[in-house]
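Please read this briefing alongside the sequence and the three-dimensional view shown below.

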Amino acid sequence: MSPTDSPVPQTGSRPGGRSARVRAAVHRAVEELVADDPADPLTIPVVAARAGVHSTTVYRRWGSVGELLADVASSRFSGDIVVPDTGSLRGDLERYASDLAKDLCDPDTLALVRATIGIGGEQGAAACRRERQQQLEAVLERESARDGRPPTLERTTDAVLAPLYYRAVFTDEPLTPEWARALVSHLLAD
């Protein structure tokens, strides 16, 4: 083999390689653990054992349970709800609120949200909030592009997201599609 025929060493991480498999296994372990028994303490050694990896691998990549939960939540919540385009702000927000209510009614999703907020603190809350606010922002920007006058992102978050998450996380009250659509009616009544 001549010097020009020698294989080129690979550098960096490979998509779909070991790093991706470890991340997927760890994420799956976290989701299973919080769904199985949310009252059990979630620790990195427990997650690592469930994922079949060494604890140092998890510590090196995530550093803490809070950071790990924030990463799992960010991954889980990005793209899981499609931003609707019904042709009207009311229709978009009603569909969005109903879809989010349905998602938050899923026991596995709710367990992950509760664990992420409870253990992850502000970092966890930001992970749960970030994607949702970006989705709402897309709805509001689309309405502006249609020459509409949408409410601000802050007002929409306070009127739609906050009650949905509050009811899901802190109460046993149902998140019905009708209740979710009523939030939109109250927001747009002004």
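Helices (H or I, at least four residues) and strands (E, at least two) are DSSP runs, numbered from the N terminus. This is a predicted model, in which local features need pLDDT of at least 70 and side-chain atom pairs count only at pLDDT 80 or more, while totals for chains, interfaces and linings use all residues. Residues are numbered from 1 along each chain as its sequence is written, and side-chain values use heavy atoms, with hydrogens and water left out.

**Helix 1 against helix 2**

- The axes of helix 1 (residues 18-36) and helix 2 (residues 44-51) come within 8 Å of each other and cross at roughly 115 degrees, where axes are lines fitted to C-alpha atoms, for helices over the stretch in contact, and angles run from 0 to 180 degrees between N-to-C directions.
- That angle makes helix 1 roughly perpendicular to helix 2, on a scale in which angles under 35 degrees count as roughly parallel, over 145 as roughly antiparallel, 65 to 115 as roughly perpendicular and the rest as oblique.
- Helix 1 passes helix 2 in a right-handed crossing; a crossing is right-handed if the near helix is turned clockwise from the far one by less than a right angle, and left-handed if anticlockwise.
- On the side of helix 1 the contact (heavy atoms within 4.5 Å) is made by Ala25, Val26, Ala29, Val30, Glu32, Leu33 and Asp36, and on the side of helix 2 by Val46, Val47, Arg50 and Ala51.
- By class, the residues of this contact divide into eight nonpolar, no polar and three charged, where Ala, Val, Leu, Ile, Met, Phe, Trp, Tyr, Cys and Pro count as nonpolar, Asp, Glu, Lys and Arg as charged, and the others, Gly among them, as polar.

- The buried residues of helix 2 are Ile44, Val47, Ala48 and Ala51, with buried meaning under 20% relative accessible area, exposed over 50% and partly exposed in between (1.4 Å probe, protein chains only).
- Seen down the axis of helix 2, these buried residues fall within an arc of 100 degrees, so they line one face of the helix; the arc is that of the directions from the helix axis to the C-beta atoms.
- The buried residues of helix 2 pack against helix 1, helix 3 (55-62) and helix 4 (65-77).
- Helix 2 is followed by Gly52, which has a positive phi, near 75 degrees.
- Val53, found in the loop between helix 2 and helix 3, is buried, with a relative accessible area of 17%.
- Leaving aside neighbours within four places in sequence, Val53 is in contact with Val22, Val26, Ala48 and Val58.
- The C-alpha atoms of Val53 and Leu89 are separated by 47 Å, although the two residues are 36 residues apart along the chain.

**Helix 6 and its partners**

- The axes of helix 5 (residues 89-105) and helix 6 come within 11 Å and cross at roughly 165 degrees, and the two helices are therefore roughly antiparallel to each other.
- Helix 5 passes helix 6 in a right-handed crossing, and the residues making the contact include Leu89, Tyr96 and Asp103 of helix 5 and Thr109, Val113 and Arg132 of helix 6.
- The contact of helix 5 with helix 6 has twelve nonpolar, two polar and five charged residues.
- Helix 4 and helix 6 have axes that come within 8 Å and cross at roughly 40 degrees, which makes helix 4 oblique to helix 6.
- The crossing of helix 4 and helix 6 is right-handed, and their contact has twelve nonpolar, eight polar and five charged residues.
- Thr109, which lies in helix 6 (residues 107-145), counts as buried at 1% relative accessibility.
- Not counting residues up to four places away in sequence, Thr109 touches Arg76, Phe77 and Asp103.

**Toward the later helices**

- Asp147 is found in the loop between helix 6 and helix 7 (153-170), and this residue is exposed, with a relative accessible area of 72%.
- Most residues other than glycine have a negative phi.
- Phi of Asp147 is near 70 degrees, a positive value in a residue other than glycine.
- Trp179 lies in helix 8 (residues 177-188) and counts as partly exposed at 21% relative accessibility.
- Leaving aside neighbours within four places in sequence, Trp179 is in contact with Pro163, Leu164 and Arg167.
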